[in-house]
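Subject: A structure for you to look through

Dear colleague,

I am passing on a structure that I would like you to look at alongside my notes. Please keep the sequence and the 3D view open while you read what follows.

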Amino acid sequence: MTTRPPNNPGRLSRALGLLKSFRVNLAAIGVGVLIGISYKELGLKLGPWGNLYLSLLKMTILPIIFSAITQSLGRMLRSGAATRYLPRAVAVFAVATMLAGVLGVASGLIGRPGQALNTSQGHVVLGKLLAEHGDRQSPEASGETKSESLLRRIIPSNVVRAFSEDDSLAVVFLSVLMGMALGINHSRPSTLLLETLQGLYETFSKILNWGLYGLPFGLCCLIANQTASIGVDLLLCLSVIIVQFLSVMLAVGVLYILLIRLCTGIAVGRLVSAMRDPLTLALVAQNSLLAMPMAIERLVKELGQPEDVAEFAVPLAVVLNRLGCVVLFAYVSTFVAQVYYEPLAVYQWGEIALSSGLVGAAAIGNMAVIAPMILSVLAPVGLPASLGIAVMVQTTTLFNPVVALVNLLGACALSTVIARLGRAGAGPAVPAPADRETGIE
């Protein structure tokens, strides 16, 4: 009599795990590139499917941001760790934002990308860009000041609407207030609510983890569409600014990796291996928020970072301290000044760096969406914003992925700095709840 071998759940788990492996996802990216180059029409048709997959992942992000910030801040306040971490977080965010603006201006002044378009062919390209995109305006142009616009976006008039309209800034503001209230209030219902929020975080992290099994399909569709959508002729004329900016962002990314290495003491090779999957997702999906839960999981489990600090600092930095956007605004503003031969004083370059930090740090959305915000950077120094808007819109396909990657990597780096500074202070360690499963295996 023969007996059937028992089912092997481990084999199924390993088979599903292959869908999250870096090699499989890298192969999916390669297939997407081939489709975009060889079958352009098919690549364009795959775009909506890729966007549908992103929507599936995006539906988990706001609940994760809300629950992560609220319960981590509440626990830090209750444990006394907030006195060590919160002041350092504010200082680190402020310094990092200013340095990112200075770096963007400095890289533009050194590379001088504006000189590349000071030719007859370059003037033709500029004319086309301005004709296509030069009529866009910033919300601040309607009479609302920059600070009023930012405050209006941060402070929600309706909590439910903040979630339904995917307003990350308003959700972060609500999360911080609610976390502070739960941290100060030690009643039993408040404690239960903190535990409920922990459960909410773990639940949506699990849903996101399920969604990542479809990542090869999503990556293939997104890459095929992006490859097929690139306008080669016009981008060749902008090749200097494209190559220079991508090089600057690469250098910034290396600096952040070295900063994580300095704060954690972990070898660069191991750091790159640990952060490879969330950074790949941010790059291909062009969205640092989507890769944020996976990045937090890698920081905690593989790099040994305090869980409460990572769950508080990374979402806050991804939403309110978008360092890649700061570098972008500063660099493009410097480019515009060079194209118009506008001599600026040292204090005006400083003003561009500062304004880029204030505007770019909270620039949520696709680059084509946030492009009009550069008016708030250029207008104070007397420069027209039309060219800056046009360049950002035209180069969205190439710039948006690396900006998202640097935003995420910068958030992770700032989290490790805050944790390192916090450990230098006195006080008890931050308690960590049970492990969670998230990410590409």
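I begin with the largest pocket, whose volume comes to about 690 Å³. Please bear in mind throughout that this is a predicted model. The lining of the largest pocket is made up of 33 residues, and those that lie nearest its centre are Lys58, Ala285, Gln286, Asn366 and Asn400. Two or more lining residues come from each of helix H3 (40–58), helix H4 (61–79), helix H11 (215–229), H15, helix H19 (367–370) and H22. Sorted by class, the lining of this pocket holds 14 nonpolar, 16 polar and 3 charged residues.

Helix H15 covers residues 288–301 and helix H22 covers residues 396–423, and the two meet at an angle of about 35°, with their axes 10 Å apart. The crossing in which H15 passes H22 is right-handed. On the side of H15 the contact is made by Ser288, Ala291, Met292, Ala295 and Leu299, while H22 contributes Ala404, Asn407, Leu408, Cys412, Ser415 and Thr416. Of the residues in this contact, 7 are nonpolar and 4 are polar, and none is charged.

The second largest pocket contains about 540 Å³ of space. Its lining consists of 24 residues, with Val90, Phe93, Leu316, Leu320 and Asn321 lying nearest the centre. Which helix gives the most to the lining of this second largest pocket? That helix is H5, which supplies 7 residues, and the elements that each supply at least two are H5, helix H7 (146–154), helix H9 (168–184), H16 and helix H18 (346–360). The lining of the second largest pocket has 21 nonpolar and 3 polar residues, with no charged ones.

By class, the lining of the second largest cavity has 8 nonpolar residues, with no polar and no charged ones.

Finally, please read these findings together with the confidence of the prediction. The protein chain averages a pLDDT of 80, and 80% of the residues score at least 70. Among the elements of the chain, helix H13 (residues 239–264) has the highest mean pLDDT, at 90, whereas helix H6 (residues 120–133) has the lowest, at 55. The pLDDT is below 50 over residues 135–144, a stretch that has 18 contacts in the model beyond near neighbours in sequence. It also stays under 50 over residues 426–441, where the model has 56 contacts beyond four places in sequence.

With kind regards

Key: Residues are numbered from 1 along each chain as its sequence is written. This is a predicted model: local features need pLDDT of at least 70, side-chain atom pairs count only at pLDDT 80 or more; totals for chains, interfaces and linings use all residues. Side-chain values use heavy atoms; hydrogens and water are left out. Axes are lines fitted to C-alpha atoms, for helices over the stretch in contact, and angles run from 0 to 180 degrees between N-to-C directions. Helices (H or I, at least four residues) and strands (E, at least two) are DSSP runs, numbered from the N terminus. A crossing is left-handed if the near helix is turned anticlockwise from the far one by less than a right angle, and right-handed if clockwise. Contact means heavy atoms within 4.5 Å. Ala, Val, Leu, Ile, Met, Phe, Trp, Tyr, Cys and Pro count as nonpolar, Asp, Glu, Lys and Arg as charged, and the others, Gly among them, as polar. On a 1 Å grid over the protein atoms alone, a cavity is a set of points where a 1.4 Å probe fits but cannot get out, and a pocket is an open set with protein on both sides within 12 Å along at least five of seven lines; lining residues have an atom within 4 Å of a point. Grid points are joined across faces, edges and corners, and a volume is the space filled by probe spheres set on the points. pLDDT is the predictor's confidence in each residue, from 0 to 100.
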